[in-house]
Amino acid sequence: MEGKDERLDPLHSFTVKSLRLDEERWREFVSEEENQVVFNSFFNAQDYCHLFICKDPDSGLSVSLDLPQNIQTKVLCVSKTAREAVTKENSRKILTCQEVQGEDVLSFIICVTEQVTCPLLSNPESSSRWVAGVADEALRFMERQKNETLVMKAQTEGRTFLPHPEGLHDGTDGGKLSDVKLLHACDWTIIEWAELTSEFLQQDSSQPVLDGLKPLPSEEFHFWKNRLMNLVFIQQQLMSSRAQQVASIVQRAESVYWSTLRDIYRDIQEGVKEADDVTVNLTQLQDRLEEVERMEYQQLGDNMASVLEEVRQVWIRSEFYCKPCRMVVLLQEICNLLIHLSRKFLRGEEVMRCLVSDPGLVLDDVRLVIWTLQAFKDSYSRLRTQLEDQNQDSASHSWDFPSHLVFFYLDNFLQRLQGIQEALYVSLQLSQLDQAVLSGVCGRMWTDVVQDVYQDFVRQVTVLSECNCDPTNPDDESFDLYLDQFRVQVSDLERCLVSVLSRALENCSISSTAAKLVNMFGFVLARPLIQDQLRPHLSRVVEMVLMELDQAELLFYSQRERPETISRFTPTPAAGLCWTQQLRLRAEDSVRNYRTVQHLCEDSGESQLVLHRFQQIMDLLQDFRETVTSDWSAQLDSDSVFILEQPLIQLNQQGMLGVSSSCKLEEVLRELRYVRRETDMELRHYAAHLLTCRNDITQSYLSLRHMVSCYNQVVRDVLQVELPLIQDQLQDLNQTLSELQRNTWGSEGVQQLVEQQTHRVLMFHSSVSEARANMDTMMHIIQGWAELHLLQRTGDSLLEGGATEHSYRRIREEGQELLRLTQVNRSLYGATDSSQSWIRYLDHIDDKVQDGLFQLLLRSLHFLSDNMNPQTCSAALLAVSLQLQETGSVFEPSVGGGLSDVLMTIISDVYTAASLPPRISEGRHGNYQVALQQSPELSALEQEVMQHLLQVKEEAEHLRVGLDRYSHLWQSDRQGVMQEFLTYSRQLGPEELEADETPPTLKDFQREIESLHRLSGEVTHLDEVIVLCGWLQVDLQPFRDSLLSIIHDWKNMYTDYLLDSVSDSLQQVTQRGGDDEESLSSSRFPLTETILLLEAAGVELPEHLSAQLQC
């Protein structure tokens, strides 16, 4: 559009304001070529009266001459008030703009036409200035425009609007036949009505099916509801006043279209009747199908019959719907619904996604869908047969249409599902190859081959699962290509498996191995290709089974005459029966292995041969079994008679009891235990009687054996000191047990008698056993004393001292325990304190206690003696220290009296342990210590200990004398020695009474200090600890520390004198001022050399002297 088109000004201001556009967007909109064509057509052509502008969410602004469809947003409607071209002069007068919602545009146009345009044009005052005929022409144009709009609105609402004739208004007199134009308009209106109604009535619900679409039942129901609504709408229009005016005009004018109008009335009436009938009868089916759609898919299969029953009711009840064509369409739509629900349940493209991970779950879903659809077809077949049986005389009520018309698309869908099912099933089967492991010499190699096959299969399955198509859509043929390729690859993999399985079956030497192989690969052996290829190899399994049955027969004949080889641990007859049972199981296993592969082999009479051979072996084993059981029954009856005549117990020459014929009884009872397992074995009288009371006899036998064992244990293990205590009880028991010797196993009341006697013996045994256990406990306590360590070393291996309180407490408590146990035994034996047998029993225990204490003391004194013997001791036992006192060096404690007192205390503590336990024997007075102190052996050990003490005393004195070489240090008078040194520059000897006075020099001081320094080093290197005689540890540390302190005092005596000399020299220097040389020359020693000597001796000058030197 060149330049600016002023005709757009009214549209510009209204559109920008209404749609909230900016100027740039409006300029772009009107400058687009397609939009310019639309604007020019509307402005220049008189036929276009409306222009629509809307805002499309997808494409932005749009303009059109037709009503925009499916627009819910705001629509701008521009209308012409006159049928003429729009110019820049009349644009603002002739154009009207209105803003409406998209769905109300047609209503707006109709409203504007009826309430504004038409009244305006029909008003003479408004058209008086117009050219003659222009107003009438404009009015007719607007009426046609209104009719077109009403038709268009009705079409959008799914209805058919019958337009009104031009020039016919409410109140028009139909009797004026002179108006030829009106009659002509009515004729054309009838023709248009006939076309509209005919077009509508020709519509059929089967059209989507004929067009190749796949409509659902809801579209069928919707079609008939809309048809009924539209027909009622048309019927209402035909009954309106304007339609009656048209009918009156054409009837009175005897127009040829009067008959056409009557046909329209008749067709619409029949159509309403038909639509009403169909709608009413389809309502229940619609409700049922809506329930089906809301169901879980797993419930659909059980409801297919009810759905088809509703279809049958529609066929029977409806007058107009019982037509094959309509029923075929309805059933096809139900099939489409089932297909839709099935695809929704299977999730379309997701079906093959689980082919690798979890095909089993999807396979179950696919099988459910196939079963559901097949249930629908089966229900259809039953219903069709039922209709044929019920209506043999009325063909109109039977479904005589071909079934393939109904199930064509459903069968295609089922065929596709079966292909999917096959792929899933194969995937599920071959996925088990991952767990397959072959054994044997070449098992590893064949297992690797199977794993390679599995990996190839996984790759093929992955390719199929990743196909970019919907497998559930039967119209998509691309999936068939993927499926065909998958089948080819699976066939190749099956051939590889055939090669492996063939070699594996050839290597099988027994049928059980082949059966295991078949069971392991049973999931693939059902595949037709694999089964055909392996059939010759599977026939070898039948030969193996026959050979194994022959071997079982040969084994029976070879071992039947040698029963000793099969009865090592069981009775011979029972072993024979067990052996035959094993042979039976062996033969049954072979036949079971055959049945494992039987369904894979061709039936060529081999099955009857195997079963016949098996039955022969079973008969042979049964005959042998009957012979063995008969002989065994006779032998058991004879043994039972012997057992029942035997006494219960008997007394041997050694005075011990025993169960009569115990070995034979155990043998018979054991055989009867095996007999109870043989349900088909019949026993004779005595054996049956023994079997009946076997449990009672077994219990009595076990009780007797236990009783005899307890009695014999008491008699055999009794001590001489205990025998007098139980002699009376033994005699009473022997008298009561004689009754058991008189009764036999066949006597009445054996079990009660055995229980009574057993209880008495067990009570006696319990008392004696408890007393004997107490005796053992006492002996254990006494033995523990013999092993007790009274004397123990400390952490540094020295002796702690005497016996510890812990040892005393243990001996005291255990002594009380001994006394308590003896009182318990007195109660158990039932003895009195005054009986001689009990006194001898206590004396026996008392001797044991005294012997244990003797061993305790002997062990302790031996410990002391051995650790004081220089030849046997391993470490120091006792310790003393050497100390320096004013009187000289002394031992603490003293090696003489002090150490002797320590040892005597230790020995006394050892003997004290023997006085702690109370005396067991009441006839012996005094404690155990008094008796043990009289022991020569213990006294000899005491003497050894004292002898070792004398030896160490001599060694200690020799050590002390050797250290007296330093005695001058603590014995000399330091002040006197210093005075001699300052006078004579040395210490005078004992023989020097007089000497020349010679004051000491610095060298004399240096000599004395160095001498003391050497002496200090010598003392420092003395041993801290010395062990004498291997057992006495002497601590020299106190002596050494005291001696070093004395040496230090000697050294300080000399250094202090020198410090005083330095202090005097510095004081003289300070008093004389600057005359240093004179001051220094008057000092006792040279100041510098004195300070150097002090520093060499390790003496530091006091702070005040150091300060004077710095000044």
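Reader: How are helix 35 and helix 38 oriented to each other in this model?

Author: In this predicted model, the axes of helix 35 (residues 1002-1020) and helix 38 (residues 1087-1096) cross at roughly 5° and come within 11 Å. Angles under 35 degrees count as roughly parallel, and helix 35 and helix 38 are therefore roughly parallel to each other.

Reader: Which residues make the contact?

Author: Helix 35 contributes Leu1002, Phe1005 and Gln1006, while helix 38 contributes Glu1089, Thr1090 and Leu1093. By class, the residues of this contact between helix 35 and helix 38 are 3 nonpolar, 2 polar and 1 charged.

Reader: How many cavities of 30 Å³ or more are there, and what lines the largest cavity?

Author: The count comes to 4 cavities of 30 Å³ or more, and the largest cavity holds about 50 Å³ of space. Its lining consists of Gln460, Val463, Leu464, Tyr482, Gln485 and Phe486, with helix 16 (443-465) and helix 17 (478-506) each supplying at least two residues. That lining has 4 nonpolar and 2 polar residues, and no charged residues.

Reader: What pLDDT does the chain average, and where is the pLDDT below 50?

Author: Where pLDDT is low, the predicted coordinates should not be read in detail. The chain averages a pLDDT of 77, with 76% of the residues scoring at least 70. Over residues 171-178 the pLDDT is below 50, and this stretch has 9 contacts in the model beyond near neighbours in sequence.

Technical notes
Residues numbered from 1 in each chain as written. Predicted model: local features only at pLDDT ≥ 70, side-chain atom pairs only at ≥ 80, totals over all residues. Heavy atoms only, no water. Axes fitted to C-alpha atoms, helices over the stretch in contact; angles between N-to-C directions. Helix = DSSP H or I, 4+ residues; strand = E, 2+ residues; numbered from the N terminus. Parallel < 35°, antiparallel > 145°, perpendicular 65-115°, else oblique. Contact = heavy atoms within 4.5 Å. Nonpolar A, V, L, I, M, F, W, Y, C, P; charged D, E, K, R; others polar. 1 Å grid on protein atoms, 1.4 Å probe; cavity = no way out; pocket = protein on both sides within 12 Å on 5 of 7 lines; lining within 4 Å. Points joined across faces, edges and corners; volume = space filled by probe spheres on them. pLDDT = per-residue confidence, 0-100.
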